[in-house]
Each structure stands twice: as structure tokens, then as C-alpha cells.
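Subject: Structure handover

Hi,

Here is the structure for you to look through.

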Amino acid sequence: MWLHLVHWLLVGSSVFLGSLSACCLKDGQVCKKNLPRQCWEPLDHELDESGPDTLYTCRRKKNPVILTPCPAGCHQDPQNSDSDICVPATIPLKTTSKSKVGVINWIDNWANGCVFPGNSNNKIVDLQMEGPSCGPKCQEILECTHFEFNPTNKMCRLKRGRMTQSQAVRHGNMICGVRKGAEAVDWSNGNWAENCDFPQSQEISRHDIHPAQCGGKCQEDDDCTHYAFNQNDGKCRLKSGIADKKNAQYLADSKRVCGLRY
């Protein structure tokens with residue numbers, strides 16, 4: 001019985017390795033869905049259950065090596081019939097080796113295979129466009145703090161509300177990102193926001209009052225156009241000059257509040 005088992009292991013393993021090596025019949029890039037079906041199972045085992053739209057690098061008579069998951073699938077390159085490429089006009093992907101399930105690999109302020117939790121109240125607008133335009137569009141809209149892009153229907157969803165990269169969750173071939181910069185100031189409350197200040201503005205006066213009274217104090221002063229409150233020292237700072245939400249600077253301090261005159 002043991003002899004039969006050893007024989008089966010030796011023969012089976014050689015067949016397994018041989019079939020996997022046979023997946024690469026030539027050098028180049030190839031989509032998993034264009035490889036022979038019998039190659040899929042060992043590839044899934046090796047590469048954390050990669051999808052059919054995963055792009056591989058092939059070397060003749062060698063095992064396929066993962067190159068990158070395509071955000072909108074692979075297709076035949078019309079200029080080179082021997083290889084496949086990711087669909088054009090999608091956000092370029094960072095070349096990686098194995099990618100563990102559940103890990104989101106961020107490239108600057110965006111990542112592949114992720115979305116942000118939330119409900120319909122977070123949505124500002126859905127716009128149809130090419131992938132690379134989704135992030136810049138969020139930058140143009142003051143209320144936008146994060147975004148999601150669906151490569152399948154080329155829909156860019158702009159969202160409001162406080163959101164960080166650490167809150168993103170894995171989700172298919174979606175692309176998600178946060179507003180460019182360290183963090184975005186969330187103006188969803190209207191004319192005031194948390195974690196912000198106007199550091200370049202001219203300060204005209206300081207007052208020891210409750211933070212909820214700071215906005216009203218600005219209303220009482222004809223020269224005040226915007227204000228900032230710092231709970232660390234309990235000061236309400238009234239400021240003058242051109243008031244613009246775009247000039248507010250995010251501060252990693254939950255005890256800071258800034259706002260505009262109503």
C-alpha cells in the first residue's frame with residue numbers, strides 16, 4: 001500500500017508541475033482566462049484565488065508569475081497578438097508580487113480593489129468618465145472628501161464626509177481614493193468644520209468663550225469674516241480678510257474648529 005502511495009505522489013506531483021509549466025507555451029504577458037482551464041486551480045492555490053482578469057508574466061516552460069490584477073479586465077493587444085494587456089484608460093496599477101486577500105495596497109491617495117463603507121447620504125454625485133479623471137474631479141469639488149470608481153461602467157462616485165484610507169474595505173475590481181493631500185477638511189456641517197484652521201489669515205481678536213459661541217462672536221464683529229477655535233488654550237480667534245473654505249488647512253487635532261461668517 002505504501003509503495004502505491006509513494007508512486008502516486010511521485011507521478012501526481014510530476015503531472016502537477018508539468019501541467020503548470022505547460023501553461024506558459026511562450027514568453028510574454030497573458031490573462032488567466034486565456035490560459036488552459038487546467039492551469040487555473042494550481043494558480044488559484046499559489047496566488048490567493050486570483051480572478052480570471054489577472055495578468056501574468058509567462059516564460060516558456062516556466063510557471064506563470066502574477067504581474068498585476070487588471071481593474072477592468074484584460075484584452076488582446078491589437079499591436080501585439082502574442083500578449084495581453086490591461087484595458088487602456090484605467091488607472092495604472094503598481095506591479096506587485098503576491099497580494100494577500102484583505103490587504104489594500106495604496107498608491108499615493110488611491111488603491112485598487114476597494115470601496116468606502118457608508119450609505120447613500122455620503123454620495124454627492126455619480127459622473128461617467130475615465131478612471132484617471134475621478135480623483136482630480138474630487139479635488140475640484142470642495143465638498144468631496146473621497147471617491148470610488150467602477151471600471152465596468154466607468155462611473156465615478158464622489159462622496160462627502162470624513163474618511164481615511166484605513167477605513168477602506170476590499171471590494172472586487174473597484175478603485176477608491178481620498179482627496180489629495182494629508183487629509184481633507186470636511187465641510188458637511190455647513191459653514192464650520194473640525195480639525196482645521198486658517199493659518200494664513202490675519203487675526204483681529206481673541207476671546208475666552210465656549211466653542212459653540214465662537215461663530216456668533218464673529219457675527220458681532222463687522223471686521224470678522226472667519227474664525228478658528230482651539231480647545232487646547234480655550235481661545236476663539238476672530239480673523240479678517242477673504243474667507244474661502246479652500247484656504248482652510250487640515251490639522252490632525254480634534255480640538256481645533258474653524259468656520260466662516262454666516
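Which residue in S18 stands opposite Ala-228? Cys-258 in S18 does.

Some ground rules. This is a predicted model, in which local features need pLDDT of at least 70 and side-chain atom pairs count only at pLDDT 80 or more, while totals for chains, interfaces and linings use all residues. Residues are numbered from 1 along each chain as its sequence is written, and side-chain values use heavy atoms, with hydrogens and water left out.

The sheet

Strand S15 (residues 226-230) and strand S18 (residues 256-260) run antiparallel, joined by five bridges. Strands here are DSSP runs (E, at least two residues), helices likewise (H or I, at least four), numbered from the N terminus. Two strands count as paired if DSSP finds at least two bridges between them.

S15 and S18 belong to an open sheet of five strands. The order is S12-S18-S15-S16-S14, and the pairing is antiparallel. Strand S12 (192-194) and strand S14 (202-207) stand at the edges. Each has a single partner strand, so one side of each lacks a neighbour in the sheet. From one strand to the next, the twist averages 20°. For that angle, axes are lines fitted to C-alpha atoms (for helices, over the stretch in contact), and values run from 0 to 180 degrees between N-to-C directions.

The disulfides

There are six disulfides in the structure. The criterion is a pair of cysteine sulfur atoms within 2.5 Å.

- The link is right-handed, with 85° about the S-S bond. This pair connects distant parts of the chain, 22 residues apart: Cys-214 lies in helix H4 (residues 214-220), Cys-236 in strand S16 (residues 235-240). Cys-214 is buried at 0% relative accessibility. Cys-236 is buried too, with a relative accessible area of 0%. Buried means under 20% relative accessible area, exposed over 50%, partly exposed in between (1.4 Å probe, protein chains only).

- Cys-138 is buried, at 0% relative accessible area. Cys-144 is buried, also at 0%.

Best wishes
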